[in-house]
Amino acid sequence: MLKIYNSLAREKQEFVPIEPGKVRMYVCGMTVYDYFHIGNARTLTVFDMVYRWLKVVGYDVKFVRNITDVDDKIIERANRNGETIAQLTERMIAALHEDGERLGILLPTVEPRATRHIDNMLSLIGQLVEKGKAYPADNGDVYYAVREFPGYGRLSGKSIDDLRSGERVAVDQHKRDPLDFVLWKAAKPNEPHWCSCYGEGRPGWHIECSAMSRAELGDTIDIHGGGWDLQFPHHENEIAQSEGASDKPFVNYWMHAAFLNMDSQKMSKSLGNVFTTREILAKLDPVQGGEVVRYFLLRGHYRSEINYTWDTLQDARASLLAIYTALRDVPPAEVALDWSNPFAARFKAAMDDDFGTPQAVAVLHELRGEVQRTRSAELAGVMKALGGCIGLLQADPAAFVQGAAQGDDAVEIDAMVVARNAAKKARNFAEADRLRDELKARGIVLEDGAQGTTWRRA
Ligand code: AMP
Ligand code: ZN
């Protein structure tokens with residue numbers, strides 16, 4: 001039985017879907033004004049892992065992850081770059097898919113874009129206005145009246161009055177209450193806008209998710225996810241909008257991924273420590289990099305903060321290479337996963353306990369030890385299949401361990417390895433050792449195995 005920590009209930013609960021065998025899951029996606037950073041990569045990877053595991057245990061999952069393709073940051077960046085909003089967002093969506101694929105992040109079932117759901121947002125706003133939960137202000141904006149929604153603050157565990165004093169919300173003469181938030185923004189000159197009965201304008205950020213979630217998944221969904229920072233105000237506001245309109249519960253299980261920090265500091269533009277996933281991948285071996293980052297991100301539990309440093313990433317690489325080396329040395333048999341296998345059973349128990357990836361990865365390492373000891377192709381097959389449940393270990397092991405030819409010296413290195421083997425065979429050990437030392441000096445490690453000698457960069 002799968003258990004999930006529900007941020008709203010503040011405890012682990014048994015997962016019972018609305019409809020047996022089916023899961024409706026919504027995750028707040030990216031605002032596409034730039035390449036996604038390594039913190040975004042964490043949240044994307046965590047929910048990819050959740051999506052994969054739900055499928056592994058047999059659910060038919062409809063996974064919706066939205067794209068925010070209109071917002072202040074996008075407008076500002078497009079203007080600064082001298083390109084249109086569509087040019088910028090199309091470019092960034094393509095990059096999101098490209099970089100995501102390198103990390104093994106599957107496409108969601110549906111990837112709705114905000115700009116294609118404006119009608120749904122306006123009809124939701126209309127319903128809220130009709131029910132007295134939202135009001136058009138005299139500046140052309142439409143606001144949500146938080147005092148009209150009794151459950152406001154439940155997710156973040158705060159009352160409206162705590163929130164008011166804690167958040168130091170700016171006083172705005174157009175709002176009835178400083179915590180009221182915008183559903184529809186009146187158009188400013190030179191900004192994208194749409195026609196509505198409130199005048200020309202564009203949607204606020206929060207209404208997007210309520211409208212797209214309802215359009216794709218209905219009024220009540222099983223799981224809603226996002227980064228930890230989105231609990232307040234974004235998810236609190238989504239609840240107020242969705243439940244305010246439907247009078248039904250919006251989400252049964254709220255899941256929040258903890259943050260990734262940089263060298264123990266918060267990632268922020270002002271500290272200059274924001275790295276895009278693309279930049280980090282460019283520094284890593286092209287064959288190994290994507291999976292190294294994924295492994296690094298999943299080896300911590302999704303509700304614990306993780307710390308990114310170059311050293312921790314290199315440590316993750318060494319750890320993943322150790323598993324791939326075992327798969328290279330003991331080619332895995334094709335196996336169908338049998339959960340009664342003791343390793344598989346422990347892996348599943350870890351994952352079923354609120355997606356315990358650290359324990360699941362520890363099981364992979366135990367298996368690695370067993371594979372090396374017993375040289376069992378069957379066990380190697382179990383290891384590969386278990387890794388596959390969370391999007392790991394599916395690459396060709398020999399190619400992975402060797403890595404890509406990063407420089408243009410790969411041909412030369414191959415030739416030296418061949419020459420060294422020939423020397424060894426001819427019992428010219430002095431020459432064989434000389435070549436091995438020369439390769440070592442160039443940072444090349446030789447590995448003699450059953451299938452001959454392979455090499456990798458140290
Ligand atoms: P944004 O584009 O800022 O709305 O972020 C997209 C997603 O990435 C949201 O789910 C955020 O919660 C998440 N996110 C942003 N920064 C980090 C971080 N440092 N660590 C983990 N997740 C993050
Ligand atoms: Zn959202």
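Q: Quick one to start: does Arg65 count as buried or exposed, and what's its relative accessibility?
A: Arg65 counts as buried, because its relative accessibility is 6%. Buried means under 20% relative accessible area, exposed means over 50%, and partly exposed is in between (1.4 Å probe, protein chains only).

Q: Okay, and what kind of model is this?
A: This is a predicted model, where local features need pLDDT of at least 70, side-chain atom pairs count only at pLDDT 80 or more, and totals for chains, interfaces and linings use all residues. Residues are numbered from 1 along each chain as its sequence is written, chains are lettered from A and ligands numbered from 1 in the order in which they are written, and side-chain values use heavy atoms, with hydrogens and water left out.

Q: Back to Arg65. Which residue does Arg65 form a salt bridge with?
A: The partner is Glu111, and the closest N and O atoms are 3.3 Å apart. A salt bridge here is a side-chain nitrogen of Lys or Arg within 4 Å of a carboxyl oxygen of Asp or Glu.

Q: Where do Arg65 and Glu111 lie?
A: Arg65 is in strand β4 (residues 60-68), while Glu111 is in the loop between α3 (85-102) and α4 (118-130), so the pair ties together parts that are 46 residues apart in sequence. Helices (H or I, at least four residues) and strands (E, at least two) are DSSP runs, numbered from the N terminus. Glu111 itself is partly exposed, with a relative accessible area of 21%.

Q: How many salt bridges are there in the whole structure?
A: A search finds 30. One of them joins Glu83 and Arg91, with the closest N and O atoms 2.8 Å apart. Glu83 is buried at 17% relative accessible area, whereas Arg91 is partly exposed at 39%.

Q: Which residues are linked in a network of salt bridges?
A: Asp72, Lys185, Glu191 and Arg202 are linked that way.

Q: Switching topic: what are the protein donors of the zinc ion (ligand 2)?
A: They're Cys28 (SG), Cys209 (SG), His234 (NE2) and Glu238 (OE), lying 2.0 to 2.5 Å from the zinc ion. Donors are N, O and S atoms within 2.8 Å of the metal (3.2 Å for Na, K and Ca); water is not among the atoms, so sites may look incomplete.

Q: Why is the arrangement around the zinc ion irregular?
A: The 4 donor atoms subtend angles of 74 to 131°, and that makes the arrangement irregular. Four donors count as tetrahedral if all angles lie between 85 and 135 degrees; four count as square planar and six as octahedral if opposite donors are over 155 degrees apart and all others between 65 and 115; anything else is irregular.

Q: How are those donors spaced along the chain?
A: The spacing is C-x180-C-x24-H-x3-E. His234 and Glu238 are 4 residues apart in helix α7 (residues 231-246), so about one helical turn separates them.

Q: Last thing: what does the whole chain look like?
A: The protein chain has 16 helices and 14 strands. Its C-alpha atoms fill a box of roughly 90 × 55 × 35 Å, taken along the principal axes. Of the 458 residues, 51% count as buried.
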